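Please consider the sequence and the three-dimensional structure displayed here. A short report on selected features comes after them.

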Amino acid sequence: MKPRENMLLLAPVISATTRRTIVLPLTKSTTSYTITTLNYHSASLVQIGQSCHRCRATITTSNSQKNPCSSKTKTPQPSLSSSLPSPTMQTRQPSKMQQAKAAPKKLSFWSRFFDALEDIINTHIDPPICTSSTDMAFSPFSRNYAPVDELAPTKCEVLEGSIPACLNGAYIRIGPNPKFHPLGPYHYLDGDGMLHCIRISKDGVTLSSRFVRTNKFNAEQREGTSLAPYLTSAATGRLVGFIARVLLSFAKMLVWRFNLSNGVGPANTNLALIGSKLYALHELDLPYQIRVTMEGEVKTIGRCNEFGGGVLNMTAHPKVDPETGEVFAFRYFITPPCLTYFRFNSHGNKLADVPIFSMQIPSLVHDFAITKKYAIFPDIQFRLLATLESAIGFDAEKIRCRYVYASILANHIPHGIIGVVKLDVAMAEGDDKVEDCTVASRIYGPGCYGGEVFFVPKEPTDSNNAEDDGYLVSYIHDENCEESRFIVMDPKTPMLDIVASVKLPQRVPFGFHGLFVSENDLQKL
């Protein structure tokens, strides 16, 4: 089955918002994908027929909450995951203890002062862009984009098939799950990192969902409000608005004694095994060490200052040498050297930095590639542009692999992955090359949306196995019955047949990257 012409192929999935039109030439019928910044007064947070006092956009879907975009009434910032309705959550009368815990904290003078400054920025200096009511229905606070509460390890039901023995271990997917309401513009990339871990063992299958306890998360949890800047959100607006919001965040940190040297990243992008340790990654901060227990509980050990310390950062996409076990990584910075390359030995010890002075312009280099002899850095993916219209610019780069499992995006819903295709890029090379190198595909079905798939080899230590000898795993969400599932697919079949399907006890929101950790590696964490 081949994807329809009105679908969009992404490898990997792009989840960025700018004021530009991005053309992604991955199919012979190139499709343009227009992305806009979403305003905070999303359809999931305001009443039907209500309009924003800044842009007068009328909302067409219902909810009982008052428009948080209004400046007339100021309330303490509640936790998003507890205040937003979950599609699978049943309405229950809260106990007196729960009501006491949910009671809003009285705003201090500094909270009211900072809220007033934020409102001035959002109203007069750099108002957030408002989208149409159709786009609002797919905002970062509605449907399966909305955040969820934490979940302790909970038993799951296998609905179809059986889980292969080689999948004994844990599949962990990370993504944004904002804890508190942002006061200004919000970008999907900026939410607090949450780990959704499905633990598979001889005793059954469990799911747990836990926040990464970053410096930012702990400080905001303590103060009951957002403190650290939403850097990507601020950068999508005008430069003057970006500067104003960053300065305001610094003022909050100073008043509430937020230690900037401990990092401000949300740890929401990727996961990596480095020297038998598991890390949650974000490219604007250092990694946070994570541990998964035998029972499936997810715990944050802490920030790895030994990787650099202070305000330094590290890419969210390190590369592993399969022969030596070494891990290669880099970081970018706004002052020379703008790019620094480094590696870890097989025991996870960081070795000396290698500054790269040939990159003279500060750039947001998101990813890179390695070969036996070279490290390849695309120049340039995102570049820092000091203009009055925007703080960043976009210039696409593409790196090609052998077997590619590409996500299929529907044009009518941002980040809506409706299926996956298997591409054999070797078919596009040589004298017998063909334009369409699709060898297998699966569409999840009407109303079903998934995430990035992860390939798990049957025998990871056997180099004689075929490259596609294993299984594809991912989370999908069915909006028809408001249920999330964990699925296992066979990549060698033309339809990517489902080998096993597991019903999850809680909705798993859309997210970013995942990682499978084998039983043997789990015991070493």
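The report below treats a sheet, a helix pair and a single helix in turn.

This is a predicted model, in which local features need pLDDT of at least 70, side-chain atom pairs count only at pLDDT 80 or more, and totals for chains, interfaces and linings use all residues. Residues are numbered from 1 along each chain as its sequence is written, and side-chain values use heavy atoms, with hydrogens and water left out.

Helices (H or I, at least four residues) and strands (E, at least two) are DSSP runs numbered from the N terminus. Four strands form an open sheet in the order S13-S14-S15-S16, with antiparallel pairing; pairing requires at least two DSSP bridges between two strands. S13 and S16 are at the edges with a single partner strand each, so one side of each lacks a neighbour in the sheet. S14 and S15 pair in the antiparallel sense over six bridges, and Ala-329 has Phe-342 in S15 as its bridge partner.

| Strand | Residues |
|---|---|
| S13 | 319-320 |
| S14 | 327-332 |
| S15 | 339-344 |
| S16 | 354-356 |

The axes of helix H3 (residues 109-125) and helix H7 (residues 239-255) come within 10 Å and cross at roughly 175 degrees. H3 is therefore roughly antiparallel to H7 (an angle over 145 degrees). Their contact (heavy atoms within 4.5 Å) involves residues including Trp-110 and Phe-114 of H3 and Leu-248 of H7.

In helix H5 (residues 215-223), Asn-215, Lys-216, Phe-217, Ala-219 and Glu-220 are buried, meaning under 20% relative accessible area with a 1.4 Å probe, protein chains only. Strands S8 (204-211) and S11 (288-292) are among the elements that cover these residues. Just after H5, Gly-224 has a positive phi of about 75 degrees.

Notes:
Axes are lines fitted to C-alpha atoms, for helices over the stretch in contact, and angles run from 0 to 180 degrees between N-to-C directions. Angles under 35 degrees count as roughly parallel, over 145 as roughly antiparallel, 65 to 115 as roughly perpendicular and the rest as oblique. Buried means under 20% relative accessible area, exposed over 50%, partly exposed in between (1.4 Å probe, protein chains only).
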